[in-house]
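Hi,

Here is the model I promised to send over.

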Amino acid sequence: MGYMGKILKVNLSTGKISEEPLNMNFAKMFLGGSGLACRILYDMINKDTDPLGPENPLIFMTGPLTGTIAPSCGRYVVCAKSPLTGIWGESNSGGKFGPMLKFSGFDGIIIVGRSEKPVYLSIINGSAELRSAEHLVGKNTFETQRILAEELGEKRISVACIGPAGENLVKYAAIMNDGGRAAGRTGMGAVMGSKNLKAVAVFGSQKVPLADEDKFIEVAKEAHTIVKEAFNSEMFKQLGTGAYVDLAQEMGDMPNKYFTLGVFENASKISGSTMAETILVRNRACYGCPIGCGRVVKIDEGKYKLPETDGPEYETLCAFGSLILNDNLEGLAYANYLCNIYGIDTISCGSTIAFATYLYEQGKISEGETSGIKLKWGDIDTVIQLIEMIAFRRGFGDILAEGVRRIGEKYDARDYAAEVKGLEIPFHDPRAFFGMAICYATSPRGACHLNGDVYLVDLGQEVPELGIVSGDRFEEEKKVEVAIKSQNWRTVYNSIIMCQFCNPPAEIIAKLLTYSIGQEYTVEDLDLLGERIFNLKRILNNKLGVSRKDDYLPKIVLTPLKEGGTEGRVPNIGKMLQKYYEIRKWDYKSGKPTKEKLKQLELDKLQI
Ligand code: SF4
């Protein structure tokens, strides 16, 4: 119960489509979402797997609450070996694609091989088919979604697709669904592009089976009420995640001028409040979400003219705002729109452009190498030009399409590349919340704010029943403990899959799972599940070559700033890592979980 009980398998090389029963033992051990996908992937990839080769599986997965009336559980996750980082890749997205996949009868899809010609996969009410996508080549993600809805004759269909960036194997290409919803991080769009798979279109009308429907509905209603009444929910509904901009600036959490400046005086010009007063049309919610943090914006005239479309959220406001010292909100919204239609992760894209600007200013990149473009802080028009060049890998865009780490290598500036394990650091500065420093250094997909969010904990988003409590944001040792607990908890979230802005008490989540799956879950059980799945991702990474040396923070975010909310502060990451390994019971030399830990988590049968 809670699961549809079937996985769709598609081999693009042979065209064979088959179904197999969901491995219930895996589901019990790893819940669903990215936990379950990781267990499946574990047996299918190794150090030699080419992320852009046919042998790299691309897995779409849902969770046991996806498609139910539990709040904010309309997400799916897509996982593979990442072409950006070469290790575990995962990215989840909202909208309604996840529920539709379940309504069509499947918990997930495993796609292997490579099609000779461009294709798309349609799954309508349990019937799956590969169809030619030659007419969709070069089409942007919005056009692709519209054409497929018309072609398949079903307006309610949900389409997850790639744009030109995915087709051109931009290393941080996104998979887009339901308008501008993005599975952005770790380059899953490039994996899809490498398979010649343009889109997956799903529609169905089956119901998700529940073990105890009456009790489930009762608890789900309670959860909705709690979530709706939370202060953050109302704030995100009114102002989007951009509501955080002013506070983030004050605390030094919002990186400015590529992590090198403590204060961006014009930040309020790109805040959620300014958006609400200027270009905002209304808010938008993913399936079953009582919060509705999504923005719909419109620009009526001028060079940034836009139809009604998805507006930028907090990370994007940083990526094309404070990080490059741009205070033009309309230009920023236009840059966001381009990333949506081309299918590009805004975090990695903004970070890469800002890094190039930083190196250009330092004289490490010359005008000859930038296709004649002058890179200047605050110049959103150049950013817009570069996004186009990245999507189509034109000129200097071809280098930028490789991401921050490769640019750091090319220009002998690795220390200044704001990345961990190859993934660009998102926009919660580790100098502002020391707990984020250890999360970034150790998170399985590289620098990640969705696998341990201590910044939110320190801002009051506590889970006291799990020991996830706030404290001095610059504290080091205690923050390691909180970070580990937060990582385990968000790992559960990413397996359920529940949106991280939705935070009912842990006990309610345990009850939702109990009445959905039909097996008793306690908060402690969830904690153990989170720890198991987190360690599973670690040993998969160990198998792919990750060791102690890959847990680090780059110099650029360990350099104290002269002003702002973090003035003079930097975390002692070496000391924090030592404590982290000790608590996690990971070997400090090899970076691998000890045998005892693996045994305790029932992972000892897996070969690292
Ligand atoms: S809070 Fe925002 S991102 Fe999360 S499910 Fe709701 S609308 Fe989607």
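Let me start with Asp-412, which counts as exposed because its relative accessibility is 66% (exposed means over 50% relative accessible area, buried under 20%, partly exposed in between, with a 1.4 Å probe and protein chains only). Asp-412 is in the loop between α16 (404–410) and β16 (419–420), and its phi is positive, near 55°, though the residue is not glycine.

Some housekeeping: this is a predicted model, so local features need pLDDT of at least 70 and side-chain atom pairs count only at pLDDT 80 or more, while totals for chains, interfaces and linings use all residues. Residues are numbered from 1 along each chain as its sequence is written, and side-chain values use heavy atoms, with hydrogens and water left out. Helices (H or I, at least four residues) and strands (E, at least two) are DSSP runs, numbered from the N terminus.

Most residues other than glycine have a negative phi, and most peptide bonds are trans. Thr-186 is another non-glycine with a positive phi, about 70°; Thr-186 sits in the loop between β11 and α6 (188–194) and, at 0% relative accessibility, counts as buried. There is also a cis peptide bond from Ile-496 to Ile-497, with omega near 0°, and Ile-497 falls in the loop between α19 (477–496) and α20 (506–517).

Now the sheet. Six strands make an open sheet with mixed pairing, in the order β8-β7-β12-β9-β10-β11 (two strands pair if DSSP finds at least two bridges between them). The edge positions go to β8 (127–132) and β11 (181–183); each has a single partner strand, so one side of each lacks a neighbour in the sheet. From one strand to the next, the twist averages 20°. At the β11 end, β10 (residues 175–177) pairs antiparallel with β11 over three bridges, and Met-176 is opposite Ala-182. Helix α4 (residues 141–151) lies across β7 (119–124), β8, β9 (158–161), β10 and β12 (197–203), at about 140° to β9; axes are lines fitted to C-alpha atoms, for helices over the stretch in contact (heavy atoms within 4.5 Å), and angles run from 0 to 180 degrees between N-to-C directions.

What surrounds the ligand? The shell is Arg-75, Arg-181, Arg-284, Ala-285, Cys-286, Cys-289, Ile-291, Gly-292, Cys-293, Cys-499 and Phe-501, each with a heavy atom within 4 Å of the ligand. That shell divides into seven nonpolar residues, one polar and three charged (Ala, Val, Leu, Ile, Met, Phe, Trp, Tyr, Cys and Pro count as nonpolar, Asp, Glu, Lys and Arg as charged, and the others, Gly among them, as polar).

Finally, Met-251, in helix α9 (residues 245–251). Met-251 counts as buried because its relative accessibility is 18%. Thr-566 is 315 residues away from Met-251 in sequence but 6.8 Å away in space, C-alpha to C-alpha. Beyond its neighbours within four places in sequence, Met-251 has contacts including Ala-432, Phe-433 and Leu-459.

Cheers
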